[in-house]
Amino acid sequence: MNIIEIKDVTKKFSNQLALDGLTLDIPEGRIFGLLGPNGAGKTTLIRILTHITMPDSGQVFFHGHPLEAKDVENIGYLPEERGLYKKMKVSEQVVYLARLRGLSKQEATRRLKEWFQRFGIDSWWNRRVEELSKGMQQKIQFIATVVHQPDFLIFDEPFSGFDPVNAETLKQEILRLKEQGATVILSTHNMASVEEICDEIALVNHGRVILNGEINEVRRRFRQHLYRITVEGDIDTSNLPSDFQVVKKEKNDNETALNIQILNGTPSNLLLQHLIEQQHTITAFHEILPSMNEVFIKAVGN
Amino acid sequence: MSKIPIIIEREFFSRVKKKSFIITTLLMPLMLIALIVIPVYIAQKTDKECTVFVLDENDYFINKFENTEKVRFEYPSGEIESLKKRCIDGECDAVLHILSGSQSNQANLYYHEEPPLSLEGRVTDQMDKILFDRTLMDTFHIDLKKYEIIKQTSQSSVAAVQIDADGQERASMMILNRIVGLICGVLIYFFVFMYANQVMRSSIEEKANRIVEIIISSVKPFEFMMGKIIGVALVGILQFAMQIALAVVLLFGVQFLLPAIFSETTVAGPDVASATAAAETMQIQNGSLFSDISAFYSFPFTTLIICFFIYFLFGYLIYASLFAGLGSATDNETDSNQFVLPVSLPLILTIMIISMEASAQSTLVKWLSIIPFTSPIAMLYRIPSGVPLWELLLSIALLVGTFILCVWLSAKIYRTGLLMYGKKVTWKELWRWVRM
């Protein structure tokens, strides 16, 4: 089941085509990485999903029905460029934002107090926003994004401005939201975090999806038939068949690790077979899939 | 459910709770009262009794000046230089030196320490009177007493009476009408700008804060803009009401605590009034104008108050919606100036025109009172002198229509402008957003 279905969405600004017939499905209950170079159309797409901008043509379906204004109460959005009213009290601010998302004043206050306790930031409740550090404000914004318990969340560069400890907390929170059944779109340039928490990705460039699917499947698509094999003792690589190219060799006291690229579609088992015949003891063997970083560069570069 | 009330609530309370709101609300009436009371008070404080030495080269004026409570004239003998020296020594407050021969109607008033402002007027008045008396005597062989009788018996009294469409008559005071009209016009101008500007500043601030994207992912930009405009309008109405109430209380309080000021002003009216402009207002209130009670009561108060409210509200709504749109198009206040001036020009020009125009009912003012952008000021200026009902209704209808148009235009600009950063926007670009 898809929570979001984007069908042939086009959006044009005065002199540039931001989205060019973009089509994409986002399955329910997963963390979905939305990737793409700067200016690819990610922000425009997100603004269409959050009902801020309307597409020129094409349609967006949310839970199977065309997306409408009321749906925003079921969407949580943390924009990349985010701020707060500096002069307002933290409590007034978050209650206000929660009420705009459809919660009553009492319900908003109750849930927010719970969240503040969870994060151990009760003492901020009555402070003014301008007294808080940037990282503290980010936490407040995160809470304001999720307090109305939406089943669809969009985080645009959520980790920017967080120290590693807080970034980890945030990561755990996002994973927890997924466990509770929410669908999360994560738009980021931080490929390490994509690999860590995303289940699926879509790569957008020039207003189109150029690559999407389950993350390891996508990486496999960009496989370079690169394997890493570790054997006991030393190894003489000069007599390997020509389809097995040694890219890297690392040797320590009693082990040797090789990065080998297999050419011409030769099955990897032949490599193992060859090494076994040579009386080598294999301690590890696995394929090296390209990192998301490499996938990104390769896909966008083409 | 519409989220406008939630936005109104925030916009209203975040402003009302601010210290600056309380300070301006209190300060404005205080300043207004101070502006009226202090000059009068000072004028009276410094209005001590003066001694003037008179030196007349022709000896004509000797003993002709009348001593009053405030000025005592003395006629010592001696040269002007010695009298000046005595003035410096503090024997008198001023020396009046009336020149000789053909310049006998000219004089210099020498002083060392500055005398009360009113002294010069008092001396001139007396000299005028003496000279007038002499001319009457020399030319017509009558004295001042006879002249007063002639003057009184030949004085006419013309009362201005306005007839309205139903044939109803009402006594009217043309000057009073124009002053009230002008004050209302200026007040409208002031309030419209003050509050419309708040809307603009807050739009710019939200954009600069980057909170705007979070908010418009929850509410429609139109709801956000309307909530803000209405919220600030409520602040304006509250502040205005509080200021009026406070001013009234203060005025009564001052009158109660310092009755001396007011009663004396009435007595010493003409003299003090010539001293300062503010005191002049006092004279108008206490003296000549309000004395015509019938004119005061037949004044179209109800119409004026209702219209003041309507024109204030819609004038504000028009400019606030325009300012919201323009504010959303810019990232900072400096950039917004290029849009503010052309938009506010009609109001500024109207103020200039009505303060110069000879008649409240001239064709130009009539047109200005119908054209929506200028009507909040021009119509208020006209109302005390009477306006045909159809003109009033036409003007209000146009005003409301323009408000709807402005909101529509601004909402389009607002929607696009809010998320547009780092670009200096031109009028041409705004127009493209509107057509989008």
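Guide: A nonpolar core here is a set of buried Ala, Val, Leu, Ile, Met, Phe, Trp, Tyr and Cys residues joined through C-beta atoms within 7 Å. The model is predicted. Its largest nonpolar core has 128 residues, and those with the most contacts inside it are Val184(A), Ala320(B) and Leu380(B). Helix H14 of chain B, residues 301–328, supplies the largest share of this core, 14 residues. In soluble globular proteins, nonpolar side chains tend to be buried together.

Take Val184(A) as a point of entry. Leaving aside residues up to four places away in sequence, Val184(A) touches Ile31(A), Phe32(A), Leu153(A), Phe155(A), Ile174(A), Leu177(A) and Lys178(A).

Val71(B) leads on to strand S2 of chain B, residues 71–74. The covered face of S2(B) carries Val71(B) and Phe73(B), while Arg72(B) and Glu74(B) are on the uncovered face. In a regular strand the side chains alternate between the two faces of the sheet. S2(B) pairs with strand S1 of chain B, residues 50–56, in the parallel sense, over 4 bridges. Within this pairing, Phe73(B) is the bridge partner of Val52(B).

Next, the contact between the chains. There, 19 residues of chain A are in contact with 16 residues of chain B. On the chain A side, helix H2 (residues 90–100) gives the most, with 4 residues. That side of chain A, sorted by class, has 11 nonpolar, 3 polar and 5 charged residues.

Across the boundary, 13 residues of domain 1 of chain A are in contact with 9 residues of domain 2 of chain A. On the domain 1 side, at least two residues each come from helix H6 (191–197), strand S9 (200–205), strand S10 (208–214) and helix H7 (215–221) of chain A. H7(A) gives the most to this side, with 4 residues. By class, the side of domain 1 of chain A that touches domain 2 of chain A has 8 nonpolar, 2 polar and 3 charged residues.

Conventions: Residues are numbered from 1 along each chain as its sequence is written. Chains are lettered from A and ligands numbered from 1 in the order in which they are written. This is a predicted model: local features need pLDDT of at least 70, side-chain atom pairs count only at pLDDT 80 or more; totals for chains, interfaces and linings use all residues. A residue is buried if 20 or more other C-beta atoms lie within 10 Å of its own, exposed if 12 or fewer, and partly exposed in between; C-beta atoms are placed from the backbone. Two strands pair if DSSP finds at least two bridges between them. Two residues are in contact if their C-beta atoms, placed from the backbone, lie within 7 Å. Ala, Val, Leu, Ile, Met, Phe, Trp, Tyr, Cys and Pro count as nonpolar, Asp, Glu, Lys and Arg as charged, and the others, Gly among them, as polar.
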